[in-house]
Amino acid sequence: MASGRLDLEDLLDAAEHAARAGGEIVSRAFGATVDVRTKGPGDWVSDADTASERAVRDLLTAAAPNIPVFGEEEGGERGPLGWLVDPLDGTTNFLHRFPVVGVSVALVEDDDPIVGVVHAPLLGDTYTARRGSGAFRNGQPLHVSGRPPDQGVLATGTPFRAKATRLDEYLQVFRHALLTFEDLRRAGAASLDLAWTAAGSFDGYFEAALGPWDVAAGALLVREAGGLVTDWRGDPRAWLRSGDIVAAPPSVHEALLDVIAAVT
(Lines give C-alpha, C1' and ligand atoms only; values in the text may rest on other atoms or scores of the structure.)
Protein backbone atom coordinates (compact mmCIF):
# COMPACT_ATOMS: atom_id res chain seq x y z
CA MET A 1 0.00 0.00 0.00
CA ALA A 2 1.81 3.13 -1.22
CA SER A 3 1.33 6.44 0.54
CA GLY A 4 -0.17 7.92 -2.63
CA ARG A 5 -3.22 5.72 -2.01
CA LEU A 6 -3.46 6.61 1.67
CA ASP A 7 -5.57 9.35 3.21
CA LEU A 8 -2.84 10.90 5.35
CA GLU A 9 -5.22 13.40 6.91
CA ASP A 10 -7.44 10.60 8.23
CA LEU A 11 -4.42 8.65 9.40
CA LEU A 12 -3.06 11.71 11.18
CA ASP A 13 -6.39 12.08 12.95
CA ALA A 14 -6.19 8.42 13.99
CA ALA A 15 -2.63 8.85 15.24
CA GLU A 16 -3.56 11.91 17.28
CA HIS A 17 -6.59 10.17 18.76
CA ALA A 18 -4.45 7.17 19.70
CA ALA A 19 -1.65 9.30 21.19
CA ARG A 20 -4.12 11.23 23.30
CA ALA A 21 -5.65 7.98 24.58
CA GLY A 22 -2.20 6.76 25.59
CA GLY A 23 -1.54 10.12 27.18
CA GLU A 24 -4.66 9.86 29.33
CA ILE A 25 -3.32 6.62 30.79
CA VAL A 26 0.08 8.19 31.42
CA SER A 27 -1.51 11.22 33.08
CA ARG A 28 -3.65 9.12 35.41
CA ALA A 29 -0.63 7.05 36.46
CA PHE A 30 1.72 10.00 36.98
CA GLY A 31 2.71 10.22 40.63
CA ALA A 32 0.95 6.94 41.50
CA THR A 33 2.56 3.68 42.50
CA VAL A 34 3.19 1.52 39.42
CA ASP A 35 4.93 -1.78 38.84
CA VAL A 36 8.36 -1.27 37.29
CA ARG A 37 10.88 -3.62 35.73
CA THR A 38 14.17 -3.07 33.96
CA LYS A 39 15.08 -3.84 30.36
CA GLY A 40 18.71 -2.86 30.89
CA PRO A 41 20.85 -0.34 32.78
CA GLY A 42 18.88 2.90 32.97
CA ASP A 43 16.15 1.47 30.71
CA TRP A 44 12.87 0.99 32.56
CA VAL A 45 9.35 -0.11 31.70
CA SER A 46 6.28 0.40 33.87
CA ASP A 47 2.68 -0.72 33.79
CA ALA A 48 1.87 2.74 32.42
CA ASP A 49 4.10 2.08 29.39
CA THR A 50 2.39 -1.19 28.52
CA ALA A 51 -1.14 0.06 29.20
CA SER A 52 -0.54 3.12 27.04
CA GLU A 53 0.87 0.98 24.24
CA ARG A 54 -2.13 -1.34 24.25
CA ALA A 55 -4.55 1.58 24.08
CA VAL A 56 -2.62 3.16 21.21
CA ARG A 57 -2.37 -0.16 19.36
CA ASP A 58 -6.08 -0.90 19.71
CA LEU A 59 -7.11 2.46 18.28
CA LEU A 60 -4.62 2.39 15.41
CA THR A 61 -5.69 -1.13 14.48
CA ALA A 62 -9.35 -0.17 14.57
CA ALA A 63 -8.71 2.86 12.35
CA ALA A 64 -6.44 1.11 9.83
CA PRO A 65 -6.66 -2.69 10.15
CA ASN A 66 -4.27 -3.34 7.26
CA ILE A 67 -1.39 -1.30 8.68
CA PRO A 68 0.84 -3.17 11.17
CA VAL A 69 1.74 -1.65 14.52
CA PHE A 70 5.12 -2.00 16.23
CA GLY A 71 5.48 -0.74 19.79
CA GLU A 72 8.59 -0.26 21.89
CA GLU A 73 7.39 -2.48 24.73
CA GLU A 74 5.44 -5.33 23.17
CA GLY A 75 6.77 -5.37 19.63
CA GLY A 76 4.45 -6.36 16.81
CA GLU A 77 4.75 -6.47 13.06
CA ARG A 78 7.11 -4.46 10.87
CA GLY A 79 6.60 -3.90 7.18
CA PRO A 80 7.40 -1.42 4.40
CA LEU A 81 4.44 0.59 5.73
CA GLY A 82 3.68 0.56 9.44
CA TRP A 83 3.16 2.39 12.69
CA LEU A 84 5.95 2.96 15.21
CA VAL A 85 4.81 3.68 18.75
CA ASP A 86 6.63 4.89 21.84
CA PRO A 87 3.86 4.77 24.44
CA LEU A 88 5.79 6.61 27.17
CA ASP A 89 8.93 8.37 26.03
CA GLY A 90 10.86 9.43 29.11
CA THR A 91 9.96 6.59 31.47
CA THR A 92 12.78 7.55 33.85
CA ASN A 93 11.38 11.10 33.98
CA PHE A 94 7.93 9.64 34.64
CA LEU A 95 9.19 7.48 37.50
CA HIS A 96 10.98 10.47 39.05
CA ARG A 97 7.87 12.64 38.70
CA PHE A 98 9.52 14.94 36.17
CA PRO A 99 6.71 15.80 33.73
CA VAL A 100 8.77 15.79 30.51
CA VAL A 101 7.25 12.70 28.92
CA GLY A 102 5.66 12.06 25.56
CA VAL A 103 3.58 9.61 23.58
CA SER A 104 4.98 9.26 20.07
CA VAL A 105 3.09 7.77 17.11
CA ALA A 106 4.48 7.72 13.58
CA LEU A 107 3.46 6.14 10.31
CA VAL A 108 6.58 5.13 8.39
CA GLU A 109 6.89 4.09 4.76
CA ASP A 110 10.21 2.61 3.59
CA ASP A 111 12.09 4.14 6.57
CA ASP A 112 10.51 7.54 5.88
CA PRO A 113 7.96 8.99 8.35
CA ILE A 114 4.86 10.31 6.63
CA VAL A 115 2.60 10.97 9.65
CA GLY A 116 3.75 11.94 13.12
CA VAL A 117 2.23 12.89 16.47
CA VAL A 118 4.07 13.72 19.68
CA HIS A 119 1.71 14.27 22.59
CA ALA A 120 2.98 15.72 25.87
CA PRO A 121 0.12 14.80 28.23
CA LEU A 122 1.55 16.43 31.34
CA LEU A 123 2.40 19.68 29.55
CA GLY A 124 -0.80 20.09 27.56
CA ASP A 125 0.79 20.16 24.10
CA THR A 126 0.21 18.05 21.01
CA TYR A 127 2.54 18.25 18.00
CA THR A 128 1.35 16.97 14.62
CA ALA A 129 2.68 16.65 11.08
CA ARG A 130 2.01 14.86 7.84
CA ARG A 131 4.37 14.83 4.91
CA GLY A 132 4.21 17.96 2.80
CA SER A 133 1.72 19.78 5.02
CA GLY A 134 3.77 21.50 7.72
CA ALA A 135 4.13 20.94 11.47
CA PHE A 136 1.83 22.21 14.20
CA ARG A 137 1.55 22.55 17.98
CA ASN A 138 -2.03 22.61 19.21
CA GLY A 139 -3.05 23.60 15.69
CA GLN A 140 -0.61 26.50 15.36
CA PRO A 141 2.11 26.27 12.67
CA LEU A 142 5.72 25.72 13.67
CA HIS A 143 9.04 26.74 12.17
CA VAL A 144 12.57 25.95 13.22
CA SER A 145 14.64 28.75 14.72
CA GLY A 146 16.73 31.23 12.74
CA ARG A 147 19.42 31.85 15.35
CA PRO A 148 23.05 31.57 14.19
CA PRO A 149 24.99 28.51 15.37
CA ASP A 150 27.10 30.39 17.91
CA GLN A 151 23.88 31.50 19.65
CA GLY A 152 22.29 28.08 19.46
CA VAL A 153 21.01 26.15 22.46
CA LEU A 154 20.85 22.50 21.44
CA ALA A 155 19.20 19.45 22.94
CA THR A 156 20.99 16.14 23.34
CA GLY A 157 20.81 12.86 25.20
CA THR A 158 23.35 10.37 26.44
CA PRO A 159 23.59 6.93 24.76
CA PHE A 160 22.43 5.12 27.91
CA ARG A 161 21.63 1.92 25.99
CA ALA A 162 25.12 1.81 24.48
CA LYS A 163 27.43 3.23 27.15
CA ALA A 164 29.95 0.43 26.72
CA THR A 165 30.44 1.09 23.01
CA ARG A 166 29.43 4.70 22.33
CA LEU A 167 30.02 6.78 25.46
CA ASP A 168 33.61 7.85 24.74
CA GLU A 169 32.69 8.94 21.22
CA TYR A 170 29.60 10.78 22.46
CA LEU A 171 31.51 12.62 25.17
CA GLN A 172 33.99 13.93 22.60
CA VAL A 173 31.12 15.19 20.46
CA PHE A 174 29.42 16.67 23.53
CA ARG A 175 32.56 18.59 24.53
CA HIS A 176 33.15 19.97 21.03
CA ALA A 177 29.46 20.92 20.71
CA LEU A 178 29.54 22.72 24.07
CA LEU A 179 32.50 24.76 22.84
CA THR A 180 30.89 25.47 19.45
CA PHE A 181 27.34 26.39 20.45
CA GLU A 182 26.03 28.64 23.21
CA ASP A 183 24.81 25.78 25.41
CA LEU A 184 23.32 22.28 25.56
CA ARG A 185 20.24 20.83 27.29
CA ARG A 186 19.35 17.24 28.27
CA ALA A 187 15.64 16.81 29.08
CA GLY A 188 15.41 13.03 28.76
CA ALA A 189 12.69 12.53 26.11
CA ALA A 190 13.86 12.36 22.49
CA SER A 191 10.41 12.86 21.00
CA LEU A 192 9.98 16.14 22.88
CA ASP A 193 13.53 17.29 22.12
CA LEU A 194 12.63 16.96 18.45
CA ALA A 195 9.25 18.64 18.90
CA TRP A 196 10.91 21.57 20.66
CA THR A 197 13.47 21.78 17.86
CA ALA A 198 10.62 21.97 15.36
CA ALA A 199 9.07 24.73 17.46
CA GLY A 200 12.30 26.75 17.58
CA SER A 201 12.68 26.41 21.36
CA PHE A 202 15.85 24.42 20.72
CA ASP A 203 18.16 25.24 17.83
CA GLY A 204 19.00 21.61 17.10
CA TYR A 205 19.23 18.13 18.52
CA PHE A 206 21.68 15.24 18.37
CA GLU A 207 21.77 11.83 19.98
CA ALA A 208 23.07 8.31 19.28
CA ALA A 209 21.84 4.73 19.58
CA LEU A 210 18.12 5.49 19.74
CA GLY A 211 15.21 3.26 18.76
CA PRO A 212 13.17 4.15 15.67
CA TRP A 213 10.07 4.64 17.84
CA ASP A 214 11.97 7.33 19.77
CA VAL A 215 12.54 9.61 16.80
CA ALA A 216 10.26 8.84 13.85
CA ALA A 217 7.42 11.23 14.70
CA GLY A 218 9.64 14.00 16.03
CA ALA A 219 11.93 13.89 13.04
CA LEU A 220 8.97 14.45 10.72
CA LEU A 221 8.01 17.49 12.83
CA VAL A 222 11.48 18.95 12.33
CA ARG A 223 11.48 18.34 8.58
CA GLU A 224 8.00 19.80 8.14
CA ALA A 225 9.03 22.84 10.20
CA GLY A 226 11.90 23.61 7.82
CA GLY A 227 14.75 21.66 9.39
CA LEU A 228 17.07 18.90 8.20
CA VAL A 229 17.31 15.40 9.63
CA THR A 230 20.22 13.03 8.95
CA ASP A 231 22.42 10.50 10.68
CA TRP A 232 25.79 11.51 12.12
CA ARG A 233 27.42 11.15 8.69
CA GLY A 234 24.88 13.39 6.97
CA ASP A 235 22.86 10.58 5.35
CA PRO A 236 19.20 11.66 5.16
CA ARG A 237 17.95 8.05 4.88
CA ALA A 238 19.97 6.11 7.47
CA TRP A 239 19.06 7.77 10.79
CA LEU A 240 15.95 5.69 11.46
CA ARG A 241 17.91 2.44 11.13
CA SER A 242 21.07 3.54 12.94
CA GLY A 243 19.47 5.55 15.72
CA ASP A 244 22.15 8.24 15.31
CA ILE A 245 20.33 11.48 14.59
CA VAL A 246 21.12 15.13 13.85
CA ALA A 247 18.08 17.41 13.49
CA ALA A 248 18.34 21.17 13.13
CA PRO A 249 17.81 24.24 10.94
CA PRO A 250 20.17 24.11 7.94
CA SER A 251 22.97 26.33 9.32
CA VAL A 252 23.05 24.61 12.71
CA HIS A 253 22.78 21.20 11.05
CA GLU A 254 25.89 21.92 8.99
CA ALA A 255 27.75 23.10 12.09
CA LEU A 256 26.72 19.99 14.01
CA LEU A 257 27.95 17.69 11.28
CA ASP A 258 31.26 19.57 11.32
CA VAL A 259 31.49 19.07 15.08
CA ILE A 260 30.84 15.33 14.75
CA ALA A 261 33.24 14.90 11.83
CA ALA A 262 36.01 16.66 13.74
CA VAL A 263 35.99 14.15 16.60
CA THR A 264 34.71 10.84 15.19
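Me: Which strands and which helix do the buried residues of H4 pack against?

Reply: A caution before the answer: this is a predicted model, in which local features need pLDDT of at least 70 and side-chain atom pairs count only at pLDDT 80 or more, while totals for chains, interfaces and linings use all residues. Residues are numbered from 1 along each chain as its sequence is written, and side-chain values use heavy atoms, with hydrogens and water left out. The buried residues of H4 pack against strand S11 (153-156), strand S12 (183-185), strand S13 (205-207) and helix H8 (250-263). Contact here means heavy atoms within 4.5 Å, and helices (H or I, at least four residues) and strands (E, at least two) are DSSP runs numbered from the N terminus.

Me: And which residues of H4 are the buried ones?

Reply: They are Arg166, Tyr170, Val173 and Ala177, where buried means under 20% relative accessible area, exposed over 50% and partly exposed in between, with a 1.4 Å probe and protein chains only.

Me: Where is the kink in H4 centred, and how far apart are its end C-alpha atoms?

Reply: The kink is about 25° and is centred on glutamate 169; the bend at a residue is the angle between axes fitted to the seven residues ending there and the seven starting there. The end C-alpha atoms of H4 (residues 163-180) are 24 Å apart, which agrees with the 26 Å that its 18 residues should span at 1.5 Å a residue. That expected span is 1.5 Å times one less than the number of residues.

Me: Back to S11, then. What sheet is it in?

Reply: S11 belongs to an open sheet of five strands in the order S12-S11-S13-S15-S14, with mixed pairing, and two strands count as paired if DSSP finds at least two bridges between them. The edge strands are S12 and strand S14 (228-230), each pairing on one side only. S11 runs parallel to S12, joined by three bridges, and parallel to S13 over two bridges. Alanine 155 has arginine 185 as its bridge partner in S12, and alanine 155 also stands opposite tyrosine 205 in S13.

Me: Which way do the S11 side chains point?

Reply: Val153 and Ala155 point one way from S11, whereas Leu154 and Thr156 point the other way, and all are buried. In a regular strand the side chains alternate between the two faces of the sheet.

Me: Switching topic: what is the order of the eight-stranded sheet?

Reply: That open sheet has the order S4-S3-S5-S6-S7-S8-S9-S10, again with mixed pairing. Its edge strands, each pairing on one side only, are strand S4 (75-76) and strand S10 (140-141).

Me: Is S7 in there buried or exposed?

Reply: Nine of the nine residues of S7 are buried, so S7 is largely enclosed by the rest of the structure. S7 pairs with S6 in the antiparallel sense over seven bridges, with serine 104 opposite valine 118, and six bridges join S7 to S8, also antiparallel, with valine 115 opposite arginine 130.

Me: What do the hairpins look like, and which residues take a positive phi?

Reply: The hairpin of S6 and S7 has two residues between the strands, and aspartate 110 takes a positive phi near 50° there. The hairpin of S7 and S8 has four residues between the strands, and glycine 124 takes a positive phi near 80°.

Me: How big is the largest nonpolar core?

Reply: The largest nonpolar core has 40 residues, and those with the most contacts inside it are Tyr127, Val215, Leu221 and Ile245; such a core is a set of buried Ala, Val, Leu, Ile, Met, Phe, Trp, Tyr and Cys residues joined through side-chain atoms within 4.5 Å. Among the elements that give two or more residues to this core are S7, S11 and helix H6 (212-224), and H6 gives the most, with eight residues. Leaving aside neighbours within four places in sequence, the contacts of isoleucine 245 include Leu194, Tyr205, Val215 and Trp239. A second, separate core of 27 residues includes Ala19, Leu60, Trp83 and Val105.

Me: Last one: where does alanine 32 lie?

Reply: Alanine 32 lies in the loop between helix H1 (8-29) and strand S1 (36-40), and at 42% relative accessibility alanine 32 counts as partly exposed. Its C-alpha atom is separated by 9.4 Å from that of arginine 97, 65 residues apart along the chain.
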